[in-house]
Amino acid sequence: MLRSLKPQTLKWIAFLAASAPLMWLILDTFGIAGGSLGANPVEALLHRAGWWGLMLLLVTLAVTPVRELTGMAALIQIRRLVGLYAFFYVVLHVLVYTILDQRMALGPILEDIVERPYITVGLAAFVLLIPLAVTSTNASRRRLKARWNQLHKLVYPIGVLGVWHYWWQVKQDITVPLILAAILCALLGYRYANWLKRRRRRAARAQHAS
Amino acid sequence: MTRRRLDAHRPSTITAESVYFDRRRLLRAAGLAAGGLAASACGADDVAAVKSASAPPPSSGDGKFAQLKQSPFSTSQAPNSFEDITTYNNYYEFGTGKADPARNARNFQPLPWSVRVSGECEKPGTYTYEDIVGPHAFEERVYRLRCVEAWAMVVPWVGIPMADLLKRFMPTSKARYVVFQTLLDRDRMPGLRRPVLNWPYTEGLTIAEAMNPLTLMATGIYGKPLLPQNGAPLRLVVPWKYGFKSIKGIVDIAFSEKRPVTSWEEAAPSEYGFYANVNPEVDHPRWSQARHREIGAGLFDDKVPTEMFNGYGEHVADLYRDLDLRRNF
């Protein structure tokens, strides 16, 4: 049934699913429909935006493996949308940190970046995401040609940095970061296995030709 | 999901808070505050002066503490709402999320409760909750609570001075430390099923810290018995130390000659020390302790500077005269 979904329908589903956390955040922030951010609203906004950024980043990384394993070719249509939403939540996370948490005080922010490794790692992930978001348009893709694919492989180290950033800020209970790390390993491992397979095939072909 | 449960609590919450503010205003108006404060200050370690509680301790979650003594140690800062105090908790025995304890401890019945007292003292034994609190007058103490995670609350505790309680067990001269442990009951505390910390949760104080007039064995909040997520029925409160020192659900008190290894110290010795005094100059390895966020503040409120010993230096700084607080964090 899923396989027969039209690309346009799929895009709508992805759009609604990816915006749901934002809607939920808005309801809770403004106390609509009984929503609330709880006792520590700044922390709640910060953590929730970061969490959804990381979640959607992992979903983006899952698109290709799921597409290849299930044969749902249309899935590729939602990769950019989900990736841009991941970037959106990460930007929100960075804005909450800079404006609400640190009140744009440059000194403490620089201290955090230099002295707290988990902040350094998180900042690196954010900075690396920027060129990917900027070059996400069709025009960019056409202009950059093969280099576009190379550039967008940056999403692999970004995934690693993102999970690492999350792991390092957890106080003691590493269950959830461990699960995310396992998912990331599976997603990157799938690509590594594919790469090995392709290399072997290429080597065999080269041998055959000679 | 959480909202519905909170709403269920709301009517009692509002009553408690309004009664609370009302009483304080009445006291002030009557000019009783100043006189009462002086009297209880000099009687703090005089066990004979502590009248036995005229009302038996409340036995259900609905009972209220009668005749609360006001304390000179109370801050004039406005306490946090009952809702904030009872929904934003660190109590890993009930889960590691801040909202987990309120959810997972909902059906936890603290009473009957007993505490094992052992070690270097002349009156070891097993005491029920009623034995523990029976001879003491309950006091209300509004304390600041500063968590090691860089947030803080103001909590109107009800409790008894720890020194008065510990003296009843007659610690010997060998008792240099007091070691506390939390209940370890896997059936009633779902968080224990995962080895997040080396259970049971263990905390400790030097005997001087335990006997300090600020140190409280808390039994309630806002004039009512503690809710399970806040450590019912008995918990420690040491307001000049990071919150994790104020161990909840105490079932074991041991007087010891040796310093115990506390749970957080064991889990991450580079991050959490035995003393864990609030200290803005010694950062946690992963975050700054110079400032903290006040619970109850709005989205656009700034953090506030953290004070040495959480502002209780005049009562406790002497305890650490000869201690390098940078190394003994």
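1. Helix 2 of chain A passes helix 8 of chain A in a left-handed crossing, a crossing being left-handed if the near helix is turned anticlockwise from the far one by less than a right angle, and right-handed if clockwise. Helices (H or I, at least four residues) and strands (E, at least two) are DSSP runs, numbered from the N terminus. The two helices pack at an angle of about 145°, and their axes are 10 Å apart; axes here are lines fitted to C-alpha atoms, for helices over the stretch in contact, and angles run from 0 to 180 degrees between N-to-C directions.

2. This is a predicted model, in which local features need pLDDT of at least 70 and side-chain atom pairs count only at pLDDT 80 or more, while totals for chains, interfaces and linings use all residues. Residues are numbered from 1 along each chain as its sequence is written, and chains are lettered from A and ligands numbered from 1 in the order in which they are written.

3. Which residues of helix 2 of chain A meet helix 8 of chain A? They are A:Leu54, A:Leu57, A:Leu58, A:Thr60 and A:Leu61, and they face A:Val155, A:Ile158, A:Gly159, A:Gly162 and A:Tyr166 of helix 8, where two residues are in contact if their C-beta atoms, placed from the backbone, lie within 7 Å. By class this contact has 7 nonpolar, 3 polar and no charged residues; Ala, Val, Leu, Ile, Met, Phe, Trp, Tyr, Cys and Pro count as nonpolar, Asp, Glu, Lys and Arg as charged, and the others, Gly among them, as polar.

4. The buried residues of helix 8 of chain A, among them A:Leu161, A:Val163 and A:His165, pack against helix 2 (41-70), helix 5 (117-134) and helix 9 (175-209) of chain A. A residue is buried if 20 or more other C-beta atoms lie within 10 Å of its own, exposed if 12 or fewer, and partly exposed in between, with C-beta atoms placed from the backbone.

5. Chain A as a whole has 9 helices and 0 strands, and its C-alpha trace spans about 70 × 45 × 40 Å along the principal axes. Of its 210 residues, 24% are buried.

6. In chain B, 7 of the 8 residues of strand 4 (residues 139-146) are buried, so this strand is largely enclosed by the rest of the structure. Strand 4 of chain B pairs with strand 1 (residues 69-70) of chain B in the parallel sense over 2 bridges, and with strand 5 (residues 151-161) of chain B in the antiparallel sense over 8 bridges; strands pair if DSSP finds at least two bridges between them. B:Arg144 has B:Val154 of strand 5 as its bridge partner, and in the hairpin of strands 4 and 5, with 4 residues between the strands, B:Ala150 takes a positive phi near 70°.

7. Strand 6 (residues 177-182) of chain B is covered on both faces, with B:Tyr177, B:Val179 and B:Gln181 buried on one side and B:Val178, B:Phe180 and B:Thr182 buried on the other. Strand 6 of chain B runs antiparallel to strand 7 (residues 202-206) of chain B over 5 bridges, and antiparallel to strand 11 (residues 250-256) of chain B over 6 bridges.

8. Between the chains, 17 residues of chain B are in contact with 14 residues of chain A. The side of chain B that touches chain A has 9 nonpolar, 2 polar and 6 charged residues.
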